[in-house]
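Visitor: I'm new to this one. Can you walk me through it?
Guide: Gladly. Take a look, then ask away.

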Amino acid sequence: MRQVVRPLLPVWLGLLALFAVELGTAFLPLGHAFAGLILLPAAAMVGLVGFGFMRLGRYGAIARCFALAAVFWLLVLLGLGSMDPFTRTEYPVRVTTYP
Amino acid sequence: MSDIALTPQELEASTIRERPENYLNEKLSLASWLLTTDHKRIALLYFASITVFFFIGGAAAALMRFNLLTPDGAIVSPETYNRLFTMHGVVMVWFFLVPAVPVTLGNFMIPLMIGARDLAFPKINLMSWYLFMIGGVISTWALFMGGLDTGWTFYTPLSSAYARGYVVPVAVGIFISGFSSIATGLNFMVTIHRLRAPGMTWYRMPVFLWSLYATSVIYVLATPVLAMTLLLLAFETIFRIGVFDPTLGGDPVLFQHLFWFYSHPAVYIMILPGMGVVSEIIPVFSRRQIFGYKFVVWCSVSIAVISFFVWGHHMFVAGTSLYSAIIFSLLSFLVSIPSAIKVFNWIGTLHKGFIRFDAPMIYALGFVGLFTMGGLTGLFLASLASDVALHDTYFVVAHFHYIMVGGMVSAFFGGLHYWWPKITGRMYPEMWGRVAAAMIFFGFNLTFFPQFILGFLGMPRRYSVYPPEFQVLNVLSSAGATILAVAYLMPLFYLGWSLFWGQRAPANPWGATGLEWQTQSPPRTENFTSTPVVTEAPYNYPPPEAIQREKVESGEHV
Ligand SMILES: [Cu+2]
């Protein structure tokens with residue numbers, strides 16, 4: 001049990017730290033051009049989950065298949081899901097303009 | 001009972017000799033049950049819990065049907081009625097249908113069917129049951145304390161800004177039980193990948209395992225989205241963070257997107273295991289190899305995948321864009337293809353078979369018919385034009401009850417009767433089994449067929465009162481619900497009776513193929529005395545000509 005849990009602890013702490021960074025950026029007065037910056041900690045989280053938690057480098061094809069499936073399903077959710085708000089005629093989504 | 005499978009030796013062994021040690025009589029203390037890691041005992045713990053939830057949800061339904069006997073509402077106020085249908089939906093969906101077959105029959109059968117000692121993670125399996133119970137108790141406690149009036153779908157902004165009642169506690173209960181789903185799905189997938197007996201290749205696995213695998217994929221990929229959605233809902237309700245509430249800058253339709261991204265695949269969580277059970281029963285009771293094995297199993301997988309692409313069909317009249325509605329309509333039609341292939345394959349299996357109408361088979365045949373009815377009426381709802389008229393009417397209610405109750409609950413009872421001898425070591429009384437199966441079929445149709453007509457005539461769902469011209473059909477429906485209620489109570493009594501006084505079951509009462517029938521009934525704690533080796537494809541029943549010849553030679557009238 002201990003051998004399983006101990007290597008995962010820093011991964012979990014890392015995820016929490018990145019989460020704190022994400023929350024923090026929400027309060028920074030970043031302009032519109034920098035809005036994409038918020039994706040950086042998210043990408044780091046994905047990396048941590050993939051290589052720290054799932055250890056994709058170490059385990060074989062099946063683990064990688066499942067990791068890819070997760071990404072694929074996320075694309076389905078965001079892709080098919082954004083189809084509606086961006087083409088809606090009643091109550092279209094307001095494009096937020098940053099100060 | 002089964003007369004083809006019992007050899008005289010087996011019969012003697014099962015009735016005269018005291019039964020050998022098995023998972024039921026090995027240890028008897030309460031702690032040995034509550035702390036067990038045996039998948040078979042955990043399955044029984046789940047059996048007990050979901051039976052309780054089934055009757056709680058059923059009681060709410062009974063009160064609703066009673067209320068609808070008169071146009072102005074027979075017993076309860078509109079407010080109470082709202083809380084009743086919410087309770088019925090929440091309990092039936094999350095605490096009966098979503099777990100039902102996988103955690104009971106699946107939990108019990110997976111290791112037995114692949115020739116393993118237990119699931120891959122026995123302790124996680126026990127933890128899943130505790131999570132399920134904690135979630136279930138929190139939710140039902142909140143529902144009994146006064147509940148909530150949003151319907152099981154928790155639509156915002158009703159749920160976040162206006163609803164009076166226990167929105168957050170019920171959501172917390174569902175959130176916790178979601179972890180049970182995820183852990184169960186993970187456990188099943190790893191078990192099927194890693195613990196198959198020597199020779200048990202993927203294409204030698206029974207169809208039930210394929211469908212549980214597909215279900216597990218949905219458990220693992222969809223449930224987290226529900227968890228996030230409920231968490232956001234709770235955050236908005238408690239901290240007023242604007243996610244869904246338009247007055248706080250949120251988008252209420254976003255809630256529906258996220259909710260149905262889970263809940264439509266969850267429909268397949270509910271029906272895929274039922275399809276698996278039926279695919280086990282039909283070959284056994286028609287003595288035929290399943291028709292188109294590879295089509296059947298890959299259809300399970302493709303149903304699981306496509307189920308994630310169709311959620312927008314719940315929102316055709318919610319103000320979503322026409323473009324997305326057209327695409328979701330098209331994608332929804334896609335799901336009907338693998339479902340239809342399965343139906344044709346079950347019928348193909350029956351063709352030229354030696355069909356026996358034992359109780360499990362009656363349930364399975366009922367499933368095929370009622371599932372087909374439910375599926376075909378789904379096409380009317382997937383079509384944009386007709387859905388605009390039928391949305392939120394009793395047509396929708398009838399449609400999904402044909403799938404969920406006519407389909408899934410029938411399959412659950414079919415599987416329960418089919419594996420009852422294996423699980424308990426006792427035969428159920430066959431005559432009562434057949435009577436109950438027939439009554440469920442009849443009562444079900446009487447309850448829900450009138451609702452198709454009511455919906456077509458325009459009666460909206462979720463109202464406690466209705467115009468007087470709808471009364472005849474509503475009374476018919478309530479009458480059917482009475483028969484259905486009696487039919488659901490019957491197995492409780494005769495199955496309970498059989499636990500003590502039923503005839504002892506031999507190892508393989510149905511003469512079925514499959515590893516689970518090669519070990520004793522009930523199995524010993526470690527399932528098999530030695531690891532079985534698989535050498536042939538599943539459902540390897542003799543060709544019809546051979547059975548014919550055998551019967552002629554033995555002088556039996558054919
Ligand atoms: Cu749907």
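Visitor: Which residues are linked in a network of salt bridges?
Guide: Arg356(B), Asp358(B), Glu430(B) and Arg434(B) form that network. Keep in mind that this is a predicted model.

Visitor: Let's take another one. Which residue does Glu79(B) meet in a salt bridge?
Guide: Arg83(B). Their N to O distance is 2.8 Å. Both residues sit in helix H4 of chain B, which covers residues 78-97. They are four residues apart, about one turn of the helix.

Visitor: Is Glu79(B) buried or partly exposed?
Guide: Glu79(B) is partly exposed, because its relative accessibility is 27%.

Visitor: What about Lys40(B), which partner does it have in a salt bridge?
Guide: Asp38(B) is the partner. The closest N and O atoms are 3.1 Å apart. Lys40(B) has 0% relative accessibility, so it counts as buried. Asp38(B) is buried too, with a relative accessible area of 7%.

Visitor: New topic, the metal. Which residues coordinate the copper ion?
Guide: Three histidines of chain B do. His264(B) uses ND1, while His313(B) and His314(B) each use NE2. The distances run from 1.8 to 2.0 Å.

Visitor: What spacing do the donors follow along the chain?
Guide: The pattern is H-x48-H-H. His264(B) and His314(B) link distant parts of the chain, 50 residues apart.

Visitor: Where do those two sit?
Guide: His264(B) is in helix H10 of chain B, residues 252-285. His314(B) is in the loop between helix H11 (293-306) and helix H12 (322-350) of chain B.

Visitor: Why does His264(B) count as buried?
Guide: Because its relative accessibility is 7%, and the cut-off for buried is under 20%. His314(B) has 22%, so it counts as partly exposed.

Visitor: On to chain A. How many helices and strands does it have?
Guide: Four helices and zero strands. Along the sequence, the pattern reads α-α-α-α.

Visitor: How much of chain A is buried?
Guide: Buried residues make up 20% of its 99 residues.

Visitor: And what share of its contacts join residues at least 24 apart?
Guide: The share is 55%, among contacts between residues at least 6 apart in sequence.

Visitor: How is chain A divided into domains?
Guide: Domain 1 covers 1-58 and domain 2 covers 60-89. Their centres, taken over C-alpha atoms, are 19 Å apart.

Visitor: How many residues of each domain are in contact?
Guide: Four residues of domain 1 of chain A are in contact with four residues of domain 2 of chain A. The two domains bury about 320 Å² between them. Carbon and sulfur atoms account for 64% of that area.

Visitor: Which three residues supply more of domain 1's share than any other three?
Guide: Met54(A), Leu56(A) and Arg58(A). They supply 89% of the area that domain 1 of chain A buries against domain 2 of chain A.

Visitor: How many salt bridges cross the interface of those domains?
Guide: Zero, by the rule used. The count of residue pairs in polar contact between the two domains is one.

Visitor: Now the two chains. How many residues does the contact take from each?
Guide: It takes 16 residues from chain A and 22 from chain B. The area buried between the chains is about 1600 Å². Carbon and sulfur atoms give 77% of that area.

Visitor: What polar links are counted between chain A and chain B?
Guide: One salt bridge is counted between the chains. Four residue pairs are in polar contact between them.

Visitor: Which residue of chain B forms a salt bridge with Arg88(A)?
Guide: Asp251(B) does, with the closest N and O atoms 3.2 Å apart. Arg88(A) also forms a salt bridge with Asp84(A), at 2.9 Å between the closest N and O atoms.

Visitor: Are Arg88(A) and Asp84(A) buried or exposed?
Guide: Arg88(A) is buried, with a relative accessible area of 8%. Asp84(A) is buried as well, at 0%.

Visitor: Last stop. Where is Thr393(B) found?
Guide: Thr393(B) lies in the loop between helix H14 (384-390) and helix H15 (394-424) of chain B. Thr393(B) is buried, with a relative accessible area of 5%. Leaving out residues up to four places away in sequence, Thr393(B) touches Gly455(B), Met459(B), Pro460(B) and Arg461(B).

Terms used:
Residues are numbered from 1 along each chain as its sequence is written. Chains are lettered from A and ligands numbered from 1 in the order in which they are written. This is a predicted model: local features need pLDDT of at least 70, side-chain atom pairs count only at pLDDT 80 or more; totals for chains, interfaces and linings use all residues. Side-chain values use heavy atoms; hydrogens and water are left out. Donors are N, O and S atoms within 2.8 Å of the metal (3.2 Å for Na, K and Ca); water is not among the atoms, so sites may look incomplete. Buried means under 20% relative accessible area, exposed over 50%, partly exposed in between (1.4 Å probe, protein chains only). Domain bounds come from an automatic or database domain assignment. Contact means heavy atoms within 4.5 Å. Buried area is the accessible area (1.4 Å probe) that two parts lose on being put together, summed over both. A salt bridge is a side-chain nitrogen of Lys or Arg within 4 Å of a carboxyl oxygen of Asp or Glu. A polar contact is a pair of N or O atoms within 3.5 Å; within protein, one must be able to donate a hydrogen and the other to accept it, and residues adjacent in sequence count only if both atoms are side-chain atoms.
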